[in-house]
Amino acid sequence: MTGTDTTDGLTSSTPDSGVQELEQVVIRFAGDSGDGMQLTGDQFTRTTALMGNDIATFPDFPAEIRAPAGTLPGVSAFQLRFSSFDIHTPGDAPDVLVAMNPAALKAHVGQLKKNGILLLNTASFKPLDLKKATYAVDPRTDGSLDGYRVIEVDLTARTREALEETELDTRGKDRCKNMYALGILYWLFQRDVEPTKKALAQKFAKKPAIVDANLKAMAAGHAYAETVEIFQVSYKVAPAKMPAGTYRNIMGNQSLCLGLVAASKQCGVPLFLGSYPITPASDILHQLSSYKNHGVVTFQAEDEIAAVCAAIGASYSGKIGLTSTSGPGIALKAEAIGLAIMAELPLVVLNVQRAGPSTGMPTKTQQADLLQAMHGRNGESPMVVIACSTPADAFEVGYEAIRIATKHMVPVMVLSDGYIANGSEPWQLPDIDKLPPIDVSYAPERDGDGAKDGEKFKPYERNPETLARPWAKPGTKGLVHRIGGLEKQDVTGNISYDPDNHQHMIDTRADKVARVANDLPPMATLGEKSGDVLVLGWGSPRGAITAAVTRLQGEGHKISAAFLRHLNPLPNDLEALMRSFKKVVLPELNKGQLASMLRSKYLIDVQSYSRVNGQPFQSQAVEDYMRNVLQEVK
Amino acid sequence: MSNVEEPKLTKKDFKSDQDVRWCPGCGDYSILNSVQAAFADLGKKLHETVIISGIGCSSRFPYYMETYGFHTIHGRAPALATGVKLSNPELDVWVVTGDGDAMSIGGNHFIHAMRRNVGLKVMLFNNRIYGLTKGQFSPTSPQGKVTKSSPVGSVDYPFSPIALALGAGGTFVARGVDILGPHLQSMIKQADGHNGTAMIEIYQNCNIFNDGAYAGFTDKGVREERILYLEHQKPLLFGADNAKGIAFDEAFRPYIVEGDDLGKAFVWDELSDTPAPAMALATMDEEKFPVPVGVFRRQDKPNFEYAVNQQVETAVASNKQSLKDLIYSGEMWDVK
């Protein structure tokens, strides 16, 4: 059924011959960290995006730069799903698994669909390889791979043959075997080889021998698949029917950066990023470092605390201060964020969440920093929290963060996660001329500096609508004033220990954050605005929820979904929406953090669907869960 | 903005309307006085001056200055000030910190500011005690210091902030004393003229928790014999009639010379391309040798904010990419 996000793939039909039309395919490339699986997946993705399919990707790699070769901890994988219809997730189980060694096979074959295609590199099934992967028996001989369409190719030998006449040494030749595998898949799925030719020529522009070898290997793989008839059929996936526009494939960290730059340009205030490298947020530092031509200043600080403090210093000086990190870094920055709340300065804190606690699993995804974002500071220190839900959505969220921070003079925490950061999807590029306006004005210069004359500048005099205080840049005449972390008298900003003033300031800082909700658009729903079950989501589970709810709606169930970008403050119309359904269910990759927030705030019996295993939700699991809930509600 | 030449500000103009709340007799008062006097002499403008502090008694400083001021969090003033200086290099940015703030909780930011050579002027008030938390030993307290948290004497070895700054690559490293006002003002003025990070360690008496920490060399009666004024291109002489001097042996160990040997006194060169002489003085035993004050080291080197902003300005100047170009880049396709 076109137009619905199904889980069917090439495994649900029996191939005969020729070219078979499919609606979607899920491919997983798995190999050793050194096998180039991320590059292979990335190439397949680019090509497929250019061919007009909808696509979603999920890289899954180890934290170790190079775990011992051939072992299970060293396995790196890249899953992608492409289709002729609108999809929301990189798919649950793959139709095709490329396993470059026994460890990759062992780690991933469990998820391969029955009747799925399994491409094995036989060169790496020697006794030692099997031992490293802790196989007692060669899985190719013990019947454990029955039920899969196993294709055995000695990728190493075939690649060496293809590159016989090149100047590369054996090691260099062996590095091209991923491209040989890619060539096979390009034939199998009728992909255009031109984009990869172009991309490799660009990537290795200074090493023509490498480009040549990689392309030869790819061509050889393609020819091999075509002539040797290892597959009875090849497959075709028609372009997806997507809204008209210009698209590019984008990863979450990239689009977040673009959203920040767009907002900076829109309001004419340059960005300053203070950051300390941390997985999976480092790409934000890399990316923004490359935007110097757009006036972006990046500062790689000595630690997480210095990074946020420098960003606060930049905001104080009239720039847009940003800091990017992951959960452990947020823990270190907490005191400084409290200072920004007290100083009432704009600041954007980007948290690309990863699996915790402590160091946790740095390359795995999780959404367990929500309550840290809400409450992880001393004292009553409310801050605005917003979250992105897909790689493309991160653009709008980055933009929104700056809009709120500058309009309301508040720090804003942006929650992304590893799945969004490193995953990719086609992004319909926005019309630059129609981006919403962001007006920033600084307090104007005036007379009054010096002890002797005039009325003093009032650094905490507030905008009656937003309660924002003026943005008074040092260097501006007539505005000299002192701010800091000590409690201050409203309006004057002078240090104050007065009990009534403290109560007033506590209430004012909270009210200031609450008023951000006044600007929010009405909540959108996927489906009807009332019914049996409302599936509420925030962050990266959006894709899996959308797919599951769409399928259930297709069966006639009264189920809807809604997604929260703004987590603090929550939209004003959220409560009414939740009360229009018999049941509200909230899937999140933590122990029910947003669910508990909503339960305590609204006294609504929100049911938490919690999963915290470092992996994103699978749409099938969400669907099964909701099917049970729908049963119970009836 | 008026084009009329504005009259030069006086010391009084730099005083804010806030009551100063340090303990009566605190060394911080004389430092505040010296800073206000020096700032007035230097012709500073109130609105171009920013004073950034951390936490501690000394860090209340910004509230008493009629300039921009930011009283931040413990130890982090150099990091925050780095963000200010990078964002607006035109501003005159001063950091006020203490021995706990800069040497203990903020040690990391202190050394990295030195290493990067950010154009910050750092005044480190060293009273060798924690004052605001009421009297625990600090990283500059001498070993054996008896305090509330070290009732039988601290076992920690102390830092020399000067040696630490030198080791971290500090390009202007100096020492002054709270009660030596004119000398301190001279240090402040020299720091002001320095292009990169300027660090002045200021010996400051805490008359409540560590009274007399420096009396052994700052009291009027002993000062002449016990303080060594470092003067560029002059021999290291001290004592009545400058009758004694400091020389170094072949292993760069200092020793005291007098009489016929006075000519061996080392001729001070604050611009020396090696930190060795400065390090030797910074680590001299305070009991056996006079205490050096003045400029230990000064080096001209491009500052951090210049280098960072130059990269950005160069990129902006040659930029041909609009926001639209940036977003509409990479491999794109059209859906009709």
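Q: Two strands pair if DSSP finds at least two bridges between them. With that in hand, which residue in β12(B) is the bridge partner of Gly245(A)?

A: This is a predicted model, and the partner in β12(B) is Val335(B). The strand on the chain A side is β9, residues 245-251, and β9(A) pairs with β12(B) in the antiparallel sense over four bridges.

Q: How many residues of chain B are in contact with chain A?

A: Residues are in contact if their C-beta atoms, placed from the backbone, lie within 7 Å. On that basis 53 residues of chain B touch 62 residues of chain A. On the chain B side, at least two residues each come from β2 (68-71), α2 (77-87), α4 (107-116), α10 (304-317), α11 (323-327) and β12 (332-335).

Q: Which element supplies the largest share of the side of chain B that touches chain A, and how do the residues of that side divide into nonpolar, polar and charged?

A: The largest share is from α2(B), with eight residues. By class, the side of chain B that touches chain A has 24 nonpolar, 17 polar and 12 charged residues.

Q: How many bridges join β17(A) to β2(B), and are the two strands parallel or antiparallel?

A: There are three bridges, and β17(A) and β2(B) run parallel.

Q: Into which domains is chain A divided?

A: Chain A has domain 1 (10-237), domain 2 (248-432), domain 3 (441-496 + 508-519) and domain 4 (531-633). For a pair of domains, one can look at both the separation of centres and the contacts. The centres of domain 3 and domain 4 of chain A, taken over C-alpha atoms, are 41 Å apart. Four residues of domain 3 of chain A are in contact with five of domain 4 of chain A. The domain 3 side of that contact has four nonpolar, no polar and no charged residues.

Q: What is the order of the open sheet of four strands in chain A?

A: The order is β19-β18-β21-β22 in chain A, and the pairing is parallel. Its edge strands are β19 (559-564) and β22 (607-610) of chain A. Neighbouring strands are turned by 25° against each other on average, direction ignored. Strand β21 (residues 581-588) of chain A is joined to β22(A) by four bridges, and Glu588(A) has Ser610(A) as its bridge partner in β22(A).

Q: Which strands of chain A does α17(A) touch as it packs on the sheet?

A: Helix α17(A) touches β18 (531-538), β19 and β21 of chain A, and its direction makes about 160° with that of β19(A). Helix α20(A) also packs on the sheet, touching β18, β19, β21 and β22 of chain A, at about 145° to the direction of β18(A).

Q: At what angle do the axes of α17 and α20 of chain A cross?

A: The axes of α17 (residues 542-554) and α20 (residues 619-633) of chain A cross at roughly 50° and come within 8 Å. The two helices are therefore oblique to each other, and their crossing is right-handed. Residues making the contact include Ala544(A), Ala548(A) and Leu552(A) of α17(A) and Val622(A) and Met626(A) of α20(A). The whole contact has seven nonpolar, one polar and three charged residues.

Q: Why is α4(A) called roughly perpendicular to α6(A)?

A: Angles of 65 to 115 degrees count as roughly perpendicular. The axes of α4 (residues 155-162) and α6 (residues 177-188) of chain A cross at roughly 95°, coming within 9 Å, so α4(A) is roughly perpendicular to α6(A). In this contact, Leu155(A), Thr156(A), Arg158(A), Thr159(A) and Ala162(A) of α4(A) meet Lys177(A), Tyr180(A) and Ala181(A) of α6(A). By class there are four nonpolar, two polar and two charged residues.

Definitions and conventions. Residues numbered from 1 in each chain as written. Chains lettered and ligands numbered in written order. Predicted model: local features only at pLDDT ≥ 70, side-chain atom pairs only at ≥ 80, totals over all residues. Axes fitted to C-alpha atoms, helices over the stretch in contact; angles between N-to-C directions. Parallel < 35°, antiparallel > 145°, perpendicular 65-115°, else oblique. Left-handed = near helix turned anticlockwise from the far one by under 90°. Contact = placed C-beta atoms within 7 Å. Nonpolar A, V, L, I, M, F, W, Y, C, P; charged D, E, K, R; others polar. Domains from an automatic or database assignment.
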